[in-house]
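Please consult the sequence and the structure shown here while reading.

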Amino acid sequence: TTGEITLPNGTTLSYTGYDLDNDTANGLSMQSMSRTISGAATQGYPRIGTFAAYYGTNKYADQFIQAAFDNVDTAMDNGNAEFSKFTQFGTNKFIEVATLTMSSWMHIIIRMQDAVELCKSLPDAQKKVSEVPIWDNAVATYHGMGGAAGGTMGQLYHLANQYCAKFGTCQDGPGGTQGMAKANEKAYTHFNAGKQDLLDGKCDLAEVALDQAAVAMLIPLVQGLLYHAYELDLFKEQREVVQGEAAAFLHSVLPLVHSCSQGNAVMIYNQIKVGNGKMASFEAIKSSIEGQYECLGITCEDIGGVRDLSDPTTYQQSGFPCGAFNPGDTGGVGGGGDVIPDPAPIPVPSAPTSPGRQPTPWPTQDEVPTSTPTDPPSSVYQLIEYDDATEDGVTYALAIGLPLLSVLAVAFVVFRTYMKKKDSGKEFDSGETDGASPDDETQDDLKVENLQGEML
């Protein structure tokens with residue numbers, strides 16, 4: 001094969017003898033991406049270190065996918081998947097998604113880190129010659145081929161575009177549901193900045209760009225976890241393919257959540273792990289992971305909310321973004337959610353006050369108890385201020401009021417019985433009968449005694 005290639009700067013290059021079948025082979029396969037992770041040293045690679053510390057191995061991606069292929073359970077230190085509970089429908093979907101969200105995601109980050117580490121190790125005269133192609137390789141892997149070759153998902157670039165349409169975080173269209181994902185825009189901003197830093201020999205700045213790109217790449221993974229949790233819980237779409245997809249997103253973000261909050265990581269894992277998908281609670285998962293956004297480096301605006309299927313300018317029931325009002329939550333699943341064009345911050349209510357006393361302060365986020373592995377996610381509870389007349393007014397009222405109420409009720413019954421007898425021409429204690437039998441009086445006394453027993 002012969003031909004010419006014209007570069008953007010106008011330069012024309014000729015080539016001959018190019019064999020499409022052999023000369024395009026670069027040795028990269030889906031499994032080799034997992035093995036790239038397995039071969040990376042944890043020192044100097046902080047993200048692979050986080051995953052390796054949680055799962056107990058830096059071969060986690062390959063082991064998860066191999067276990068899914070074999071339909072057997074994993075044997076990690078944490079976050080195991082019981083694939084024996086799945087049929088091929090669940091495992092096949094897990095493999096399909098995890099190849100992107102676990103293998104490819106970390107492979108890209110490792111390759112960019114390789115470029116940065118090479119930049120640091122080379123003398124100035126040799127910089128940018130070797131490391132920039134490695135960085136370019138990582139970016140190309142992120143984008144994938146797309147189109148007919150890449151299918152509807154392609155690589156992570158296409159995954160981000162897929163989920164931005166579900167969460168209203170695309171650049172265009174009604175409710176931000178069309179066009180390129182804002183996450184991709186952020187990622188490419190940092191990709192380009194990092195490449196320029198490498199060209200300039202600024203290795204430390206390139207590493208900052210890598211960190212920022214990795215955060216942008218995390219956005220569609222969190223969106224995928226939330227969306228499939230919503231499907232399982234509120235759409236009641238509980239087929240194994242949905243459970244498998246949810247599990248793939250779960251295991252792709254779980255070590256990162258664990259590094260922020262162990263309790264919330266356990267909460268999310270127990271909700272949506274393999275075999276538990278039918279019992280998933282979207283609101284529990286949403287609450288648990290939203291509390292870790294700051295630690296993860298993402299925002300409520302980055303993630304968005306689950307858009308309505310019929311009207312993309314509205315959100316699904318309970319699917320509104322964090323940090324936004326959801327007045328009345330009047331929408332229903334699949335039609336007519338709440339119209340929230342611009343998410344507004346939730347105002348912090350004032351603590352109740354009374355004259356002559358300082359208001360009780362509302363707890364800050366740091367003061368909220370962290371969740372334990374068996375507790376639901378922590379939340380801020382309203383503080384109750386007692387009345388000034390007594391430091392424990394509510395308890396005092398309950399202690400005095402209830403016995404007094406019972407005494408008054410018994411007295412009322414006795415008085416009513418007395419008046420009834422008096423109206424019939426008989427004194428309450430005269431012993432005379434006016435046609436009533438002794439048994440009737442005994443019954444009245446028993447009623448009073450029973451009522452006293454019930455009230456006291």
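Is C260 buried, partly exposed or exposed? C260 is partly exposed, because its relative accessible area is 23%; buried means under 20% relative accessible area, exposed over 50%, and partly exposed in between (1.4 Å probe, protein chains only).

## Basis of the report

This is a predicted model, in which local features need pLDDT of at least 70 and side-chain atom pairs count only at pLDDT 80 or more, while totals for chains, interfaces and linings use all residues. Residues are numbered from 1 along each chain as its sequence is written, and side-chain values use heavy atoms, with hydrogens and water left out.

## Disulfides

The structure holds 4 disulfides, a disulfide being a pair of cysteine sulfur atoms within 2.5 Å. One of them joins C260 and C295, with sulfur atoms 2.1 Å apart. This link is left-handed, with -85° about the S-S bond. It connects distant parts of the chain, since C260 belongs to helix α10 (residues 240–260) and C295 to helix α13 (residues 293–296), 35 residues apart; helices are DSSP runs (H or I, at least four residues), numbered from the N terminus.

In another disulfide, the sulfur atoms of C119 and C203 are 2.0 Å apart. C119 counts as buried because its relative accessibility is 0%, and C203 is buried with a relative accessible area of 9%. A further disulfide, between C164 and C170, has its sulfur atoms 1.8 Å apart. The torsion about its S-S bond is about 90°, so this disulfide is right-handed.

## The surroundings of T74

T74 lies in the loop between α3 (60–70) and α4 (88–121). At 11% relative accessibility, T74 counts as buried. Its side chain makes a polar contact of 2.8 Å with the side chain of N80; a polar contact is a pair of N or O atoms within 3.5 Å, and within protein one must be able to donate a hydrogen and the other to accept it, while residues adjacent in sequence count only if both atoms are side-chain atoms. A polar atom of the T74 side chain also lies 2.9 Å from the backbone nitrogen of A81.

## Cavities

A cavity is a set of points on a 1 Å grid over the protein atoms alone where a 1.4 Å probe fits but cannot get out, and lining residues have an atom within 4 Å of a point. The residues Y45, P46, R47, I48, M106, I109, I110 and Q113 line the second largest cavity. Helix α4 gives the most to this lining, with 4 residues.

Key. Helices (H or I, at least four residues) and strands (E, at least two) are DSSP runs, numbered from the N terminus. On a 1 Å grid over the protein atoms alone, a cavity is a set of points where a 1.4 Å probe fits but cannot get out, and a pocket is an open set with protein on both sides within 12 Å along at least five of seven lines; lining residues have an atom within 4 Å of a point.
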